[in-house]
Amino acid sequence: MELIFVHGAMVRDGAWWWQRTAELLRESTGIRSRAVELPSCGEGEVDGGAAGLAADAAALRAALDDVDDSIVVGHSYGGTVIAEAGVHPAIRNLLYISSYLPDVGQAQAMIMSGESDPVRVEDNGDGTIGVVGYDADSFGARFLQDADDEVQRQAWERVTAQDVRAFSTPTTAAGWQGVDSTYIVCGHDRSTSLELQRLHADRATRAVELPTGHHPFVTRPGLVVDQIRTLVSFSGSPELL
């Protein structure tokens, strides 16, 4: 059993974001974790220059090809990557954290288009987009208000531009369909509205609401590990029962 983490939009270094939860998960359950490098965020290898949603989904499929049995965690945009990656025999369970379970034909930009207070992004003029109007303090206040100042600073250092095709490309698959899944609604999220989270949570097998901001795997790793243990118990894994 291995857990594969798919991080959200316009950040890099998924291993840093997942680190606190990964360490606690390994100590308490023995489950190993790793984070997928997303080409659209300038990570990993880009196949043929296509660094949008398709490349991110290919990166996830490549990670899954290396394991026999996995839990895949999608945070925010990571859920759209899971959808596009399609069905894979190595996936046992899915865990969504303030994320998306899009239907076929939905682009990330379309999914977020109805938000009343959207995160501001701008076209960088080079095929990428990035957040605009934030500094370390304001980014921390919106995305990590339940973290300390040092963690907020480290998070801001990992904000990056992203290939616009990650947002503009419609999905061609819905890899979440037919797979056991849990959705964590982040009740104090200032980035993704509760309405949008609950819309997508209704598509998961089950949902739970936690009193956290947008990144509970950074700020409340114990709560996330508890949900992973519960998720695995639903599938009857002998490792944790």
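Helix H6 (149-156) is part of what covers the buried residues of helix H5. Contact here means heavy atoms within 4.5 Å. This is a predicted model, in which local features need pLDDT of at least 70, side-chain atom pairs count only at pLDDT 80 or more, and totals for chains, interfaces and linings use all residues. Residues are numbered from 1 along each chain as its sequence is written, and side-chain values use heavy atoms, with hydrogens and water left out.

H5 spans residues 136-143. Its buried residues are Phe 139, Gly 140, Arg 142 and Phe 143 (buried: under 20% relative accessible area, with a 1.4 Å probe and protein chains only). Asp 135 caps the N-terminal end of H5. One of its side-chain oxygens lies 3.1 Å from the backbone nitrogen of Asp 137.

H6 also packs against helix H1 (residues 14-29). The angle is about 145°, and the axes are 10 Å apart (axes are lines fitted to C-alpha atoms over the stretch in contact, and angles run from 0 to 180 degrees between N-to-C directions). Trp 16, Trp 17 and Arg 20 in H1 meet Val 151, Gln 154 and Ala 155 in H6.

Now the sheet. It is open, with three strands in the order S5-S6-S7 and antiparallel pairing. Strands S5 (121-123) and S7 (162-163) stand at the edges with a single partner strand each, so one side of each has no neighbour in the sheet. Pairing requires at least two bridges found by DSSP. S5 and S6 (residues 128-131) pair over three bridges. Asp 123 stands opposite Ile 129 in S6. Helices (H or I, at least four residues) and strands (E, at least two) are DSSP runs, numbered from the N terminus.

How values were computed:
Buried < 20%, exposed > 50% of the residue type's maximum accessible area, 1.4 Å probe, protein only. Polar contact = N/O pair within 3.5 Å; in protein donor to acceptor, adjacent residues only side chain to side chain.
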